[in-house]
Amino acid sequence: MEPIAIVGIDCRFPGAPDTGAYWDLLMRSGDGVGKVPEQRWDADEFHSADGAEGHSNTVEGGFIGDADAFDNEFFTISPREAAAMDPQQRLLLQCAWRAIEDAGLSPQRLGGTDTGVFVGIMGNEWAQLHLTDYAKVTAQIGSGNGYCMTANRVSYHLNLKGPSLAVDTACSSSLVAVHLAANSLLAGECDTALAGGVNVAVTPALSIFYTQAGLSAPDGRCKPFGAEANGIGRGEGVGVVVLRRLSDALKDGQRVYAVIRGIAVNQDGRSNGLTAPNRWAQQDVLAAAYKRAGVDPAEVVFTEAHGTGTTLGDMMEVKALGHHHADRPGKPLALGSVKGNIGHTEGAAGIAGLIKVALALHHRVVPASRYATKENPALQLKQHGLRLLKAPLRLPSSPVLAGLSSFGMGGTNAHAVLESAPPAAARPAPHDKETAGGIGCGVYTVTAPGAAALRRNLAAQADAVAARRVSAQALAWTSNQVKTGHRYRFAVPAHDTADLAARLREAADDPDLLARLTAAPAGKPRTAFLFTGQGSQYGGMTAGLYRDSALYRRFLDEADDALLPHTGRSVRDLILAGDDDVHQTRWTQPALFAVEYALARTLTELGIRPDLLLGHSVGEYAAAVLAGALTLDGAARLITARGALMQQLPEGGGMLSVRAPLAEVAPLVDGEPLVGVAAVNGPEATVLSGDLGVLERIETELVSRGLTTRRLTVSHAFHSPLMRPMLEEFALVAREVGGGVPDIPVYSTVRGRVLDGEAMDAVYWIEHIGATVRFQDAADALLDTGPTHLVEIGPQPVLSGMVRRLGRRDRAGAPAHVLPVRGLDSGGRDVAEALAELYRGGAEPRWEAVYPAEERVPQPLVPYVFSDEHRYWAARRPTAAGPADSAPAAVPAPAAAPAQAEPAAAPAGVAVLERPAAPADPLSDTVQEVIAAVGGYETGDVFAHQRLYEDLGFDSVMIMELKTRLDERVTGLAHITVQDLLPRLKTVADLTGFLHESGATVTARTAPTAQEGRTA
Amino acid sequence: MSTPTAHIASIGTALPGDPVDNASLAKVLGVNEEWIEVFIGTKTRHFARDLGTGEVRWSLADLCAQAAQKALAAPGVDPADIEFIVLGTATPDTLMPATVNQVADQLGLDQVPTFQLQSGCAGAIQALSVGQTMIASGQYRTGLVIGGDVCSKHLDVQRDLSGAAPSDLVNFVLFGDGAGAAVLTAEPAGQRVALRHVLNRFTGLGRKPGQVIEWFGLADRHDDRQALTEDYKAIEERVPVMAVEILWELLGELDWEADDLDFLLPPQLSGRMTRRITEELDVPTAEEISCVADTGNNGNALPFLQIEKLLDRMADGHKALAVAVESSKWIKAGFALEKI
């Protein structure tokens, strides 16, 4: 068969809360078994050393920690629904999310694909507790139980549209699920598959069963193939792997833990007894898997056995393996079973073994098998070509084959043959090395549904990043791929790993800093590019960026190439050399044009596409190219001519900046043929330009009126009547170059408004030379359209200051000023900072352009850390009295009643949703109470702005209940149907508004308490 | 042509001064004698420093040279044949020159390659590993392998320990000083004990150190960091598991069965821990060779003290296996011997 790659893993097993801890437990031969937790059942009550009827012979087992914790808010599941859900559903959901992240994928981006979900499960104890009390069966209890729902819930919450099914073949369930997943991938039913298993012991039923069947180890521990093996110890666990066809995984450059070469399933058929293991069938399933993998059994180096530690089971398994390995040349087959560490995890046993084998092949060492030192001599392992792993086995760097068995109690057997990942896939390298790119600095992004979740995850990322010795850019690239999709966006530049770890740590620790680096954008940003004019140039401008960023180099070179035929000298070299010639207007103009063109193109290449453009004077040239009104070559020719012709004009002109409104200065200029108003930059910023003698006269007058003036250091009187002598010659070039209507709205500083279908053609550019730069008008018009971000395109910030001095008070809030180049020291880091700001604001950068190919390598990051604040468990534990006294509908454990939604826990300053104190409104209060009751929230946790579906996890069943309850509490709804209600249920406030419109009033009665609301 | 096998031709050890019993130690340190017996299980130890005055009487180089001299004086060994020296220690006299060179100087050896391996309980075995590799290379035929430690550098007799916590106290009563040396040869000579296999493996990836010994320079000499810290909980949990794995890995590597072993040299942590680990190793057919209860934990001297004791009992064809764990950064070590 075509090999199947394991590309992502997440798990939780006894004594091991995550994959890393699981591996550590295995490598130190740790023991995850302990006493039955109080929460499950009273182990002593059910204990009988000699296994009396209705009792278990052990008080121990392998239990996972925090099985009751569930981050329902993350999945927008209401507390009431969460409390009704089988913990197996909850654990699997979180595990699936983390496994996808571990695969280097964003779970949200996987949404909508044909990804399949295959879950092995055999425990149904939650249902046994909750579906037997018929009076308490609610809609939530219904969907909270059932095997299918474990898989279907993952598909639902992650929006995965491939096959979704649960498999119960008893103890082989999860390996059979992997088998089905692999076949589904091979059949082309899906391109990615999640396969896993889950097992949580809610009742002692199986412990009693094992005891009564003579299969239960008194110490609650499986001792696989051990001399002291005396039965099964129960274990819990949850594990999910992400599977791809190997060819797809390689094509996509995914990290591969290991590869499934062959996998087979069969049945005992009518054997020695329904539950008895059958060596012949096991032998056959091994043969089938070897055959499907196309391997000789002797090539298999080690096998993870089913190894339950029952006398008969161990014996059958050894004989079946011996059939294939007794005569093998070389070393005996190394054998072990994880059941010695964590117990028999039943429905999750196959996935526990699969993950162990995958990690062993990944780390190239097979952990020792616990209890192996005292092996059972009766098994005669050596004669069967087997050796139990008493010490870790180091694997060679060459390809290694491994086996994995999982056998079901009812006779459904599964065996898989795995192989170490192809060398290139174990540590993926970039595939396309040819195109140089990137900005020389990464942007590390983390998103979360709330501020508290963000803090928790930043802290986890900080710890993990600090422990790594890999490029910060590669980590950042992976974060962009994986840590996406939630509302709260955090972003910082990632230059080196130690610095990145420190920044993440600071942000996690300092709420004010976190608030500055986080935003929860409501929608897409509206971005304006503002291009600076003359005066902003300096020698060596953007040299740092040119050094750091291959992308910027590409575009500055491109601009230089376009200019060179006209300038005859490399403007790029002039800029980078820090040549003072850059201040001569013949060079200033093409140089600024080149820098602005390159910077704007760099940003658009990075996915930042401007919605609005504005250029101050010569800044309009690069803006026009970006808007498609001028070609690069045309603009290059035109700007070179413009600069050169101005340079040729006689010197003697000057410019005067006046801190006064135009109206106050204009009368002095009227009737002065040699002086004009060059620019109106703001309400108190007017610039005059023209003959030096006349300017001096005007300046004297202005100063005598108490106004502040400043002479600008310029070679010529730009935007003045003194420019006239060049117009004719410029017009010749301009007519040849032409120009079109911009594709992107350009707020013209010639016209002081947006160009309305007007071409930026020869007429425009000729007018541009002598016209007043009406920046104030143009900027006001632009700001009136409500941009969210103003990106200054130039070698240093000039226009952002001018915008601030316009003194506007925009109701929607001031736009953010984004400064990709701040000055002489700027480089890739400032562009990354700008990109981070834009990302926080809702932009979706083209991340692949941010990094050079060699940095676009997936790196493992810590998967999402879920909140363990909310806990849900069965209200009443099973008792020896029997199921007649079954538990009521589950309620949230009182120790941790669902707390407020995370945004409410946010510190001041973090983008917390607005919650103004509203005037008393009985109808609004009632609506909130009813919603709280239906969702199982505290009344105080329901707010007007919350969205019923997205924030409060409402579903159609809950809407029905909402209507019923509203009818009870509100008068005047008789004529309103659920259908009428549906369009008005976006937020809590919408519903209240609708009820007001409908003339509804609160029915006179005392409001129920929160407690009534909860248990109703 | 097969690679040459290294053989132990002779062994020598050196323990400074008279043994210090628990009663004397308890008196000087002001701790409970019974506590030492019950919780540490060590009866005597030797110190290179005068317990009364704190005066240094022997350097590490002195002890190593004494041990080496004894090994070189054994029948069938000629000091002139020594072609290399390897020393393993955690407590060198000075950082420079390396103590191994002072030892060479004391022994009158010159113009030979010397190596010093900075390591705790695994250092002696690492030294054996280097020696074995050099002989296996075919370039060298005879060499000197030494291990030793002077732990009493940290035995501050002025310190009042009456209120000290057990975890702190342990450091004062666990350790001792000493050195040992072996002459390795390419051909069987002297004792004719073949070194069949040596294991030296770092297994501490991602694990916190179980033991840290600081060193201080001019800039931080007044720093009040504890010079020696141990994570006893981790050591008690990890070392027995690692010891069992080492035993079985060595057996597997040699294709020996556990009941082929005539002698077992278990890790020498303390009288009590060594007893516990030996139980876990569970090779009842092999005779245990331990010394720590009498010598204290003197680090890299221990394997040589054990071998010395072993050689008294070993007959032709006997097999012995030694296990050591360095809990600093979790190093697995061990070796296998066979008398021919």
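Student: How are helix α23 and helix α25 of chain A packed?

Tutor: This is a predicted model. In it, α23 (residues 585-605) and α25 (residues 632-648) of chain A pack at an angle of about 155°. Their axes are 7 Å apart.

Student: Why is α23(A) called roughly antiparallel to α25(A)?

Tutor: Set the angle against the cut-off. The two helices pack at about 155°. Angles over 145 degrees count as roughly antiparallel. Therefore α23(A) is roughly antiparallel to α25(A). The crossing of this pair is right-handed.

Student: Which residues make the contact between α23(A) and α25(A)?

Tutor: From α23(A), they include A:Trp587, A:Pro590, A:Phe593 and A:Tyr597. From α25(A), they include A:Leu632, A:Ala635, A:Ile639 and A:Met646. By class, the contact has nine nonpolar, six polar and two charged residues.

Student: How does helix α21 of chain A meet α23(A)?

Tutor: Helix α21 covers residues 550-567. Its axis and that of α23(A) come within 8 Å and cross at roughly 145°. The crossing is right-handed.

Student: Which residues of α21(A) and α23(A) meet there?

Tutor: Among them are A:Leu551, A:Phe555, A:Leu556 and A:Leu563 in α21(A). On α23(A), they include A:Ala594, A:Ala598 and A:Arg601. This contact divides into 10 nonpolar, two polar and three charged residues.

Student: How many residues of chain A are in contact with chain B?

Tutor: Seven residues of chain A are in contact with eight residues of chain B. The chain A side has three nonpolar, two polar and two charged residues.

Student: How do you know that the radius of gyration of chain B agrees with a compact globule?

Tutor: Compare two values. A compact globule of 340 residues would have a radius of gyration near 20 Å. Chain B has 19 Å, so the two agree. Along its principal axes, the C-alpha trace of chain B spans about 65 × 45 × 40 Å.

Student: What makes a residue of chain B count as buried, and how many are buried?

Tutor: A buried residue has 20 or more other C-beta atoms within 10 Å of its own. Such residues make up 51% of the 340 in chain B.

Student: What share of the chain B contacts joins residues 24 or more positions apart?

Tutor: The share is 79% of the contacts with a separation of 6 or more. Chain B has 10 helices and 14 strands.

Conventions. Residues are numbered from 1 along each chain as its sequence is written. Chains are lettered from A and ligands numbered from 1 in the order in which they are written. This is a predicted model: local features need pLDDT of at least 70, side-chain atom pairs count only at pLDDT 80 or more; totals for chains, interfaces and linings use all residues. Helices (H or I, at least four residues) and strands (E, at least two) are DSSP runs, numbered from the N terminus. The radius of gyration is taken over C-alpha atoms; the globule rule is 2.2 Å times the number of residues to the power 0.38. A residue is buried if 20 or more other C-beta atoms lie within 10 Å of its own, exposed if 12 or fewer, and partly exposed in between; C-beta atoms are placed from the backbone. Two residues are in contact if their C-beta atoms, placed from the backbone, lie within 7 Å. Axes are lines fitted to C-alpha atoms, for helices over the stretch in contact, and angles run from 0 to 180 degrees between N-to-C directions. Angles under 35 degrees count as roughly parallel, over 145 as roughly antiparallel, 65 to 115 as roughly perpendicular and the rest as oblique. A crossing is left-handed if the near helix is turned anticlockwise from the far one by less than a right angle, and right-handed if clockwise. Ala, Val, Leu, Ile, Met, Phe, Trp, Tyr, Cys and Pro count as nonpolar, Asp, Glu, Lys and Arg as charged, and the others, Gly among them, as polar.
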